[in-house]
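The sequence and structure are shown first.

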Amino acid sequence: MTTEATTTPTTPGAKRPALEAAKLGEDINGKVFIITGSYSGIGVETAKALLTEGGKIGTTTSGYETQMGINVIGHFLLAKLLVGVTARQIWVSSLGHTLNKSARIDIDLIKKYQGGDFEGYDGWAAYQQSKLGNVLLPKEFAKRFPNIEAVSLHPGAIATNLSRHTNVWGIMKFFLFNMRELIKNNTGKKGMKSVEAGASTTVTCATLPHDKLVNGGYYEDCGITTESESAKNVEDAKALFDFCEEATKEFQIRRSVPIPNFRTDVVIKTKR
């Protein structure tokens, strides 16, 4: 059961536009936000809302299975490099982390794919693993680095152009999986959230005051909610963090882009 943010909203969380969510948060004038995927969909709406309220936006091949490599390992590297200058991290996960019977993170499977063995590969199962990683890692970041806050979120079923990368069968599976969202929201085309409403939980997490944010928490519809049991596994979070640390060690040592000399208030990872 999702709870509302502690501010006084005028629109329910599931339908709240990102701009309204930004106005409900703390004063962000002059704060720096780094957003991955800010060229389209909820990423660009997040950027627009934060810029309107005075925020400043920073812009930004290894053999791993694509979804795990992009959604988890690559974002881990960025988050790790910015630990020393970051106040808060927001990881955009998905209800998709409950797919495949909410399977636990499988590091042996990640290694299997990296070795080139894709026998029995299922794209949706791989998606579930990557979105589960997006819930587990911020919990571990919050635990290991007391100087930062880190949360994850499910933005909702959103009418973006993400489906341009999906075949017909994939789209059918997407709608079957998101039926709960489509019925609940009853907004936008075919019941999906608008892009503006889809960005609102991200903006809420980015602008909530320190004492209102649940560090390590999982958010939905602009409020704290409950993740799957697999996403609560402390040992799995530690194991995935250690795996990503080892996988990106060379890049952490030999990074070509210097760490910025400014304080980064929020890092938002919006790749879905």
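## Basis of the description

Helix axes are lines fitted to C-alpha atoms over the stretch in contact, and angles between N-to-C directions run from 0 to 180 degrees. Helices (H or I, at least four residues) and strands (E, at least two) are DSSP runs, numbered from the N terminus.

The model is predicted: local features need pLDDT of at least 70 and side-chain atom pairs count only at pLDDT 80 or more, whereas totals for chains, interfaces and linings use all residues. Residues are numbered from 1 along each chain as its sequence is written, and side-chain values use heavy atoms, with hydrogens and water left out.

## Helix α11 and its partners

Helix α5 (residues 107–114) packs against helix α11 (residues 234–247) at an angle of about 25°, and their axes lie 11 Å apart. The two helices are therefore roughly parallel; angles under 35 degrees count as roughly parallel, over 145 as roughly antiparallel, 65 to 115 as roughly perpendicular and the rest as oblique. On the α5 side, Ile107, Ile110 and Lys111 meet Ala239, Leu240 and Phe243 of α11, where contact means heavy atoms within 4.5 Å. By class, this contact of α5 with α11 comprises 5 nonpolar, no polar and 1 charged residues. In this classification, Ala, Val, Leu, Ile, Met, Phe, Trp, Tyr, Cys and Pro are nonpolar, Asp, Glu, Lys and Arg are charged, and the others, Gly among them, are polar.

Helix α3 (residues 66–81) also packs with α11, at an angle of about 80° and with the axes 10 Å apart. This makes α3 roughly perpendicular to α11. Val72, Ile73, Phe76 and Lys80 of α3 form the contact with Leu240, Phe241, Phe243, Cys244, Glu245 and Ala247 of α11. The contact of α3 with α11 has 8 nonpolar, no polar and 2 charged residues.

## The largest cavity

A cavity is a set of points, on a 1 Å grid over the protein atoms alone, where a 1.4 Å probe fits but cannot get out; its lining residues have an atom within 4 Å of a point. The largest cavity has a volume of about 70 Å³, a volume being the space filled by probe spheres set on the points, which are joined across faces, edges and corners. Its lining consists of Glu65, Met68, Leu109, Ile110, Tyr113, Ala126 and Gln129. Helices α5 and α6 (123–144) are the elements that give two or more residues to this lining, and α5 gives the most, with 3 residues. The lining residues divide into 5 nonpolar, 1 polar and 1 charged.

## Buried and exposed positions

Buried means under 20% relative accessible area, exposed means over 50%, and partly exposed lies in between (1.4 Å probe, protein chains only). In helix α10 (residues 200–207), 8 of the 8 residues are buried, so this helix is largely enclosed by the rest of the structure. Among them are Ser200, Val203, Cys205 and Ala206. Asp236, placed in helix α11, counts as buried at 7% relative accessibility. Not counting residues up to four places away in sequence, Asp236 touches Arg104, Ile105 and Leu136.

## Positive phi values

Lys101 lies in helix α4 (residues 99–102) and has a positive phi near 60°, although this residue is not a glycine. With 84% relative accessibility, Lys101 counts as exposed.

Asp221, likewise not a glycine, has a positive phi of about 50°. Asp221 is in the loop between β5 (218–220) and β6 (223–225), and counts as buried at 7% relative accessibility.

Technical notes
On a 1 Å grid over the protein atoms alone, a cavity is a set of points where a 1.4 Å probe fits but cannot get out, and a pocket is an open set with protein on both sides within 12 Å along at least five of seven lines; lining residues have an atom within 4 Å of a point.
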